[in-house]
Amino acid sequence: MLDYSYLVVIGVVVAVMLLMAFLNRYRRCPSDKILVVYGTTGTRGSATCIHGGGKFVWPVIQDYAYLSLTPIGIDANLTNALSRQNIRVDVPCRFTVGISTEPESMLAAAERLLGLQSSQIQEMARDILFGQLRLVIATMSIEELNSDRDKFLEAITANVEVELKKIGLRLINVNVTDIKDESGYIEALGQEAAAKAINEAKVRVAEQEKVGEIGKAEAVRETRIRTAEANALAVQGENEAKIDIANSEANRREREAEALRKATAAEKVAQAQALEEAYAAEQKAENARADRERASQNANVIVSQEIEKRRLVIAAEAEAEQKRVNAKGEADAIYAKMEAEAKGLYEILTKQAEGYDRMIKAAGGDATKAYTLLLLEKLPELVKTQVDAIKGINIDKVTVWDGGAGTANGQTSTANFLSGLMKSVPPLSDLFDQAGMALPEYLAKKKEAEKDSEQE
């Protein structure tokens, strides 16, 4: 029986993979871009352009790309352009262009701008703008360029849009700044217009000054009439006011006198009370000052003595503690030093005992032979000591009176002197005899032979 479940699983996997591949090839177009599908599109054009929405892009036979709708700013500072009057002018302009979303313009942009960088598109558009701007300036006079800016901008828009549409662009904005010419014609026009405006303003100012002078005279007359009437009323009012002022002044002085009397009496009473309170306060202050002085004296004497007492006690305790610490430290140091010396001496004696024990074992257990071996080790040092005994003798001058006569053994006095000097050094055999040892056999035989030769 066939396992159909295995085939079903394979079919589901294939269907999911096909669905994912289908979804992966569906492209959506953002609002600020144009989706260009090229390849086998099934339309009359070379590509299909979509702004907004989306489209399925077939694999192998189709591909896609995007065109940006972001506006591009272009500086077109045109210089030495000929006007209709053959006057060269400088026209600085700034254009803002962008890819159009009209079907024909999108197709033209796809055919001519797809794959280009923004700088390349900007350069291409600048060339078109320069050419059309020169053409528009050549059809207009200086007066039209300077005064009728609307007509100038309409002419630029009409000419430039036609050419930009051929590559899929459209004109968004034109900004024309100050126009200048090499002959100074525009400046002269400006000066003429300024002078005309100034003269017209002067005429209007004179008219207004005349009207102002007439109004000023009428105002002066009206002012004088009204002033006289007001002065009369003012004099009458002043007289009545002076009477009222005199009555009021009398009443004021009477009330001031009464108030001054009451104030003087109250002031005297207040001063007396103030003096009484002041005397009482001074008495309390003096008592308080006396108490403070007594407390201050107690504090200065008793407290200072108490502090000095505590300081001396603390200093004595600190000195005693310091002495105890120093004594303990010295005792510890002496103990440590003696312990270290004892350990060192113990180690030295132990090592020497071990060395002597090994030396006796090497001598076959004979302590005398071991002692002989130890003395033989010191033999070079003993010989060196004998030589050093006369090496250090400093003889500045030796005077020998030698008549040439020999002794019984046939030697001269000089030879006897030198021989006696050498014999003053203890012989090696005597050193061995004093140590209770005997020279080795070969040295002893040599010594006997020397004695025999001397006797002969």
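Biologist: What covers the buried residues of helix 2?

Modeller: Please keep in mind that this is a predicted model. The cover of the buried residues of helix 2 includes strand 2 (33-39), strand 3 (47-50), strand 5 (62-68), strand 7 and helix 5. The buried residues of helix 2, which spans residues 103-112, are Ser 105, Met 106, Ala 108, Ala 109 and Ala 110.

Biologist: How many bridges pair strand 2 with strand 3?

Modeller: Four bridges pair strand 2 with strand 3, in the antiparallel sense. As one example, Tyr 38 has Ala 47 in strand 3 as its bridge partner.

Biologist: What do strand 6 and strand 7 form?

Modeller: They form a hairpin, with five residues between the two strands. In the turn, Asn 86 has a positive phi of about 60 degrees. Strand 6 (residues 72-82) and strand 7 (residues 88-99) run antiparallel and are joined by nine bridges. Leu 82 stands opposite Arg 88 in strand 7.

Strand 7 also pairs in the antiparallel sense with strand 8 (residues 169-176), over seven bridges, and with strand 9 (residues 180-181), over two bridges. In strand 8, Asn 175 is the bridge partner of Arg 94, while in strand 9 Lys 180 is that of Asp 90.

Biologist: At roughly how many degrees do the axes of helix 3 and helix 5 cross?

Modeller: The axes of helix 3 (residues 118-138) and helix 5 (residues 149-165) cross at roughly 140 degrees and come within 9 Å. The two helices are therefore oblique to each other. The crossing is right-handed. By class, the contact of helix 3 with helix 5 has 12 nonpolar, two polar and one charged residues.

Biologist: Which residues meet there, in helix 3 and in helix 5?

Modeller: The residues in helix 3 include Ala 125, Ile 128, Leu 129 and Gln 132, and those in helix 5 include Phe 152, Ala 155, Asn 159 and Glu 163. An α-helix has 3.6 residues a turn, so residues three or four places apart point the same way.

How values were computed. Residues are numbered from 1 along each chain as its sequence is written. This is a predicted model: local features need pLDDT of at least 70, side-chain atom pairs count only at pLDDT 80 or more; totals for chains, interfaces and linings use all residues. Side-chain values use heavy atoms; hydrogens and water are left out. Two strands pair if DSSP finds at least two bridges between them. Axes are lines fitted to C-alpha atoms, for helices over the stretch in contact, and angles run from 0 to 180 degrees between N-to-C directions. Angles under 35 degrees count as roughly parallel, over 145 as roughly antiparallel, 65 to 115 as roughly perpendicular and the rest as oblique. A crossing is left-handed if the near helix is turned anticlockwise from the far one by less than a right angle, and right-handed if clockwise. Contact means heavy atoms within 4.5 Å. Ala, Val, Leu, Ile, Met, Phe, Trp, Tyr, Cys and Pro count as nonpolar, Asp, Glu, Lys and Arg as charged, and the others, Gly among them, as polar. Buried means under 20% relative accessible area, exposed over 50%, partly exposed in between (1.4 Å probe, protein chains only).
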